[in-house]
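Reader: Can you walk me through this fold? Keep it short and plain, please.

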Amino acid sequence: MLDSLVTATYFQDERFSSGGKPGAFEYLPKEFIPQFSDSVYASRIAALASKSRFNLVYNDHVKGFIRLYAVDKRKMVSKVLGLTHIYFPLFDEVFRQYNIPPEMKYLAIVESALNPTAVSRAGARGLWQFMSGTGRMYGLQSSSFIEDRYDPTKATVAACKYLRDLYDMFGDWFLVLAAYNAGAGNVQKAIRRSGGAHDYWEIWPYLPQETRGYVPAFIAVTYVMNYYREHNIRPAQPGYLYSETGRVPVSQALTFEQLNEALGVPMEDIKFLNPQYIAGLIPAPESMPNMITLPKQYIQPFQRKEQEIYAYRPELVAEKERLYTMVREIDRQDEVVSSGRGKKVHMVRKGETIASVARTYGCSVSQIIDWNNLKSSSLKSGQKLVVFKAVSERGSKKSSVLKIKGKKSKLKAKAAKGSAKSKAAKKSKGGKKTGGKSEAKNKRK
C-alpha cells in the first residue's frame, strides 16, 4: 500500500515541501538511518502503553514492521506524516464524540496510508477501507456519481460506529482491530478454536494469516508516528492543512467546473478535497444538504456569490444532473427487483444497535432510519422497527437485474464520456497543449 502512494494524485512530490520546524533535524545528516536495540524499542513501546487503552507490546512480529516503516519505507512514511496534518485533527474530533481511543487514528495508516481514494484488491475503498456492503450498513452511499467511502468525514463517522459495534461485541480493542480486518465471524471462530480465550496473542495462531500481521503493524505504526524524530524521518508538508479548509452546504446542484471557472478554485484542489463526488457533480440536496470542502480563502467568496455560481453556465450541470437522476431511479429499481424484500416487524433486544439490526436483515442503517422516520440512530429495548428482509431471486427477477445492471453500465460510461468531453473542450478553448506530462498524469489518475 505504501508503494502505491506514488501513483495517487496528492502524493506526487510537487504536492509536498520539506517544511518542518527549523533546526528539528539539523544535528543529523538527512541520509542517516538510526536503528536501536530491542531494549530501547521495548521501553519506548512500554511508555506508549502506559498512556494507552491498547495493550501495546514489543515482540519479533512488531520488530519486523518497525523496520518496514522506519527503514525500508522512510520516504513514504515522510509523506504520511505530512498527511496526518490534514486528517488527524478530523479523526480526533470525531473519535471524541464516539469515545474511540485516540490511537485508533493509526489504523487508517495501516488500512490506506492516508490515501482517501485507496482501493484494495478486494474492492475496499477510502481512508478506512470499507467494503461496499459494510459501507451501506453504516450509511455510506456508493454509486457512479457519489462514493461516500471516499468522503473523509462521512467515512470516519461510519468507521467510529463500526468500531463501537465491534467493541460492544468483543470488549477488547486488539480483538476489535482483528475483527475490522478479518470480520467478526473469523475472530469468533478463532476464540472458539483457542478454547475461549479473549486475548489477541492467545488466539493469534487461529486467525487468518493476513490478520496475524495486522495488530503488529498497528503497534509499529503507533511507535513510528510517536518516535519518527528519533529515527531521523522528516515530515513532508502537504499543500493544505486541516485548519486551512472548511465545509459548506450546497443548496442546488453544482459542478466542479462551475466552482473552478466562476470562483477560481484550482480544479486539482477541488478534486482532492472532495473525492466522493467522482463524476464532478454535487447533486441537489434531498433530505440532507450535500457538503463541499474548500480552501478557507474561497469559503466567504462562495457564500457571497453562491447564487451567481449556480447560475453560471447552467449547461455544465444540466446533463450531469439528468444522468444522475436516471442512475438514482435505476438504483431504486435495482434494490426493489434484486432483493424481493418481505416486510417484517423487529423487536429491539437489549444491547442491539441499529447497525447490528441492519446486518441481520441485509439492509443499511440509513434504510432503517428512512423506513421508520427515526430522528436518531439510537435504539431502546422493546422498540419496534419495520424492516424489509431480503428473499431469494427467481427467474424473471434475475433477468430484470441483468437488464438494470446493463443500463447502469451504459449510463456510467456516458457520464465518464461527458466528463472527458468537458475536459477536452476546456483544453481546446484555453489553447493548452495536449499529451506529454499532462497526459501521463491523467493516465495515472
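**Overall picture**

Author: The protein has 19 helices and eight strands. Helices (H or I, at least four residues) and strands (E, at least two) are DSSP runs, numbered from the N terminus. This is a predicted model: local features need pLDDT of at least 70, side-chain atom pairs count only at pLDDT 80 or more, and totals for chains, interfaces and linings use all residues. Residues are numbered from 1 along each chain as its sequence is written, and side-chain values use heavy atoms, with hydrogens and water left out.

Reader: What is the mean pLDDT of the protein?

Author: The mean is 83, and 78% of the residues reach 70 or more. pLDDT is the predictor's confidence in each residue, from 0 to 100.

Reader: Where is confidence lowest, and where is it highest?

Author: Lowest is helix α19 (residues 436–444), with a mean of 36. Highest is helix α1 (residues 38–49), at 98. Residues 391–405 have a pLDDT below 50, and beyond near neighbours in sequence this stretch has 14 contacts in the model. Contact means heavy atoms within 4.5 Å. Over residues 425–445 pLDDT also stays under 50, and the model has twelve contacts there beyond four places in sequence.

Reader: How much of the protein counts as buried?

Author: Of the 445 residues, 45% are buried. Buried means under 20% relative accessible area, exposed over 50%, partly exposed in between (1.4 Å probe, protein chains only).

Reader: What share of the contacts joins residues at least 24 apart?

Author: 71%, counting contacts between residues at least 6 apart in sequence.

Reader: On to helix packing. How do α6 and α7 pack?

Author: Helix α6 (residues 152–170) and helix α7 (residues 173–182) pack at an angle of about 120°, and their axes are 9 Å apart. So α6 is oblique to α7. Axes are lines fitted to C-alpha atoms, for helices over the stretch in contact, and angles run from 0 to 180 degrees between N-to-C directions. Angles under 35 degrees count as roughly parallel, over 145 as roughly antiparallel, 65 to 115 as roughly perpendicular and the rest as oblique.

Reader: Which way does α6 pass α7, left-handed or right-handed?

Author: The crossing is right-handed. A crossing is left-handed if the near helix is turned anticlockwise from the far one by less than a right angle, and right-handed if clockwise.

Reader: Which residues meet there, in α6 and α7?

Author: From α6, they are A159, Y162, L163, R164, L166, Y167 and F170. From α7, they are W173, L175, V176, A179 and Y180.

Reader: How many residues of α7 are buried?

Author: Nine of its ten, which leaves α7 mostly covered. W173, F174 and L175 are among them. The buried residues of α7 pack against α4 (107–112), α6, α8 (184–193), α9 (200–203), α10 (209–212) and α11.

Reader: What about α3 and α6?

Author: The axes of helix α3 (residues 74–98) and α6 come within 10 Å and cross at roughly 40°. The two are therefore oblique to each other. α3 passes α6 in a right-handed crossing. Residues of α3 in this contact include Y87, L90 and F91, and those of α6 include P152, T153 and T156.

Reader: And α1 with α11?

Author: The axes of α1 and helix α11 (residues 214–227) come within 11 Å and cross at roughly 90°. They are therefore roughly perpendicular to each other. The contact uses Y41, R44, I45, A47 and L48 of α1, and I219, T222, Y223, N226 and Y227 of α11.

Reader: Switching to loops. What is the phi of N99?

Author: It is positive, about 55°, although N99 is not a glycine. N99 is found in the loop between α3 and α4, and counts as partly exposed at 45% relative accessibility.

Reader: And L114, buried or exposed?

Author: L114 is buried, at 0% relative accessibility. This residue lies in the loop between α4 and α5 (132–137). Phi of L114 is near 60°, again positive in a residue other than glycine.

Reader: Last one. What is S142 in contact with?

Author: E147 and R149, leaving aside neighbours within four places in sequence. S142 sits in the loop between α5 and α6. With a relative accessible area of 34%, S142 is partly exposed. The C-alpha atoms of S142 and S132 are separated by 7.0 Å, and these residues are ten apart along the chain.
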